[in-house]
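Work through the exercises below with the model open. Each task is followed by a solution in steps.

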Amino acid sequence: MHPNPLDGRPVIVGSGLAGLLTALTLAPQPCILLTRAALDGPAGLGACSSSAWAQGGLAAAIGADDGPALHEADTLAAGDGLCDPAVVAAITAAGPHVIDALARHGVRFDRAASGGYALGLEAAHSRRRIVHAQGDATGAEIVRALSVAVLATPSVTVLDGTVLRRILLSDGQVCGLVADRHGSALTIRTGQLVLATGGLGGLFRDTTNPLSSAGGGLAAAARAGARLGDLEFVQFHPTALAAGGPSIGDASLKLVSEAVRGEGAVLVDESGARFMENELAPRDVVSRAVWRHLSDGHQVFLDARACLGARFETRFPGITAACRARGIDPVTMPIPVRPAAHYHMGGILVDRDGRSTVPGLYACGEAACTGLHGANRLASNSLLEAAVTAERVADALAGTSMRPGPAGPHGDEDAARPSGASLSQVREVMNRHVGVLRDQAGLEEAVRVLAPLAKADDPALIGLMVTLSALGRAESRGGHFRTDHPERAPIGLRTGLTAAEAFQSAAPFTQPRRLAS
Ligand SMILES: Cc1cc2nc3c(=O)[nH]c(=O)nc-3n(C[C@H](O)[C@H](O)[C@H](O)COP(=O)(O)OP(=O)(O)OC[C@H]3O[C@@H](n4cnc5c(N)ncnc54)[C@H](O)[C@@H]3O)c2cc1C
């Protein structure tokens, strides 16, 4: 086996905001950025990332009437008792700095007439603090600018068309990774591996995420022994565009932004009747109302005809185009919608420098569980978290010497093979039993289906770990709602789970059932 000339450098996996900014902050220290995107594709580095699809913007307390303490209080309120207050304080305080840092890397945020940044208002924020770009294309602008900067930074070696499959360990420490590069196994020896692999919405049939956001990084971390945290907390967006007929499930659902309801659009069913009083209630409340109405056999639509009419097209050009591509004209027709998995509050448990429980393994962005979000994410706090945690990880890496990692096993072709044979089955099970409304019977059924698949299949493993965490939380809080335990427990505890613990907990569900004698 010939040594790989790339051996020894820190490796960052994922080219959304978190991965790109980690690489840029680390410069001029050499690093490798591993991305599944094809660099010759039209969208380049940022393709396949949620970052590129982010619409609303990035929360930062920079308004004259605002301050980090107010942002901190709003974040704690959304997190429903499960945030880590020290992390919330640190990340919200870093908002103004992050905007400056991104602007220095070339991000062109929208400006107000006064010359300062234009600030939007979103639900549950007590001040206008959403910094945005090109109206509703904030993520695309951030990813564009950072991609240009990364490609112009000689210390970053980009390996495109490359998907992380397995983490290699020696004596419990990271010593390398195995990836699938254009269909062949690639082994890189490194003692410093950063997972910036995003969320897991793609594990659900209905999702607003890229379908490749299916928890692949979490699975690799879990199989390496890392502890994952707050896994049961998935945020479901109430109004994903439910058009596409039978093909729903084969593609991501386009987001119909909360801002449409902010303009006065109402939720109606097939008879045109409204079924909830306040369409601007918190996201999880609206999601549950829509889910229940759909489960009762109704169709659900977002009707913007009276409030916006012809103005819809100019106010929401992106949503208009997506609707029209599916044969719906939002100016003259109600838009069919349904809840969809949108954001994962949980992830790889990390400390304030992004260190996981496995030496040498770091995580940042949506893949990490920092304690910022607790049981529910405050809108637009995720781009902020991705940026702040990327910088923290880069600083932590910069303080350590570059090393190839201890000698250890080499990966083989088998380790590089895709491990998602049962993805469509996992998506159906997660959607049905681990979605907006959960109960013990449904969660146990999901464990019974997922557990036998999870040893060999990455989506099934992460689906199983999310399900077991949801089963263990016999209360309703934030994004997690149990119809059999609708109350909130007096004391909220955070959860953590390793793959080994998950297999142990699932074992009783996979025993053959005994017939009563
Ligand atoms: C439609 C939509 C709108 C949103 N709007 C907002 C908003 O307005 N404000 C806000 O704050 N948040 C928003 N969010 C959430 C936000 O976009 C994400 O939380 C954030 O961008 C996550 O950044 P990230 O870099 O951690 O992950 P991502 O941007 O998802 O990037 C992850 C990267 O890792 C890659 N990857 C994954 N697994 C592997 C693997 N095994 N090998 C190699 N590469 C891998 C992916 O392909 C991708 O490049 C939105 C999300 C969606 C889906």
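Helices (H or I, at least four residues) and strands (E, at least two) are DSSP runs, numbered from the N terminus. The model is predicted: local features need pLDDT of at least 70, side-chain atom pairs count only at pLDDT 80 or more, and totals for chains, interfaces and linings use all residues. Residues are numbered from 1 along each chain as its sequence is written, and side-chain values use heavy atoms, with hydrogens and water left out.

**Exercise 1. Describe the overall build of the protein chain.**

Step 1. Count the elements. The protein chain has 16 helices and 19 strands.

Step 2. Take the box. Along the principal axes, the C-alpha atoms fill roughly 80 × 65 × 45 Å.

Step 3. Buried means under 20% relative accessible area, exposed over 50%, and partly exposed in between (1.4 Å probe, protein chains only). Of the 517 residues, 58% count as buried.

Step 4. Look at the contacts (heavy atoms within 4.5 Å). Among contacts with a separation of 6 or more, 72% are between residues 24 or more positions apart.

Step 5. Accessible areas come from the Shrake-Rupley method with a 1.4 Å probe; for residues, only the protein chains shown count as cover. The accessible surface of the protein chain is about 19700 Å², and carbon and sulfur atoms hold 54% of that surface.

**Exercise 2. Characterise the cavities and their linings.**

Step 1. On a 1 Å grid over the protein atoms alone, a cavity is a set of points where a 1.4 Å probe fits but cannot get out; a pocket is an open set with protein on both sides within 12 Å along at least five of seven lines; lining residues have an atom within 4 Å of a point. Grid points are joined across faces, edges and corners, and a volume is the space filled by probe spheres set on the points.

Step 2. Count. There are three cavities of 30 Å³ or more.

Step 3. Take the largest cavity. Its space is about 110 Å³. Its lining includes Val-87, Ile-91, Asp-351, Arg-352 and Arg-392. Helix H3 (85-93) gives the most, with three residues.

Step 4. Sort that lining by class. Ala, Val, Leu, Ile, Met, Phe, Trp, Tyr, Cys and Pro count as nonpolar, Asp, Glu, Lys and Arg as charged, and the others, Gly among them, as polar. The largest cavity has five nonpolar, three polar and four charged lining residues.

Step 5. Take the second largest cavity. Its space is about 60 Å³. Val-234, Phe-236, Asp-284, Ser-287 and Arg-288 are among its lining residues. H8 gives the most to this lining, with three residues.

**Exercise 3. Characterise the second largest pocket.**

Step 1. Size it. The second largest pocket holds about 290 Å³ of space.

Step 2. Find its centre. Among the 17 lining residues, Ala-78, Ala-124, Pro-282, Arg-283 and Asn-376 are the closest to the centre.

Step 3. Assign the elements. Helix H2 (68-78) and helix H8 (283-295) each supply at least two lining residues. H2 gives the most, with three.

Step 4. Sort by class. The lining has eight nonpolar, three polar and six charged residues.

**Exercise 4. Compare two non-glycine residues with positive phi.**

Step 1. Start with His-182. Its phi is about 50°. His-182 lies in the loop between strand E8 (173-181) and strand E9 (184-189). At a relative accessible area of 56%, His-182 is exposed.

Step 2. Turn to Ser-380. Its phi is about 70°. Ser-380 is in the loop between strand E18 (368-369) and H11. Ser-380 is buried, at 7% relative accessibility.
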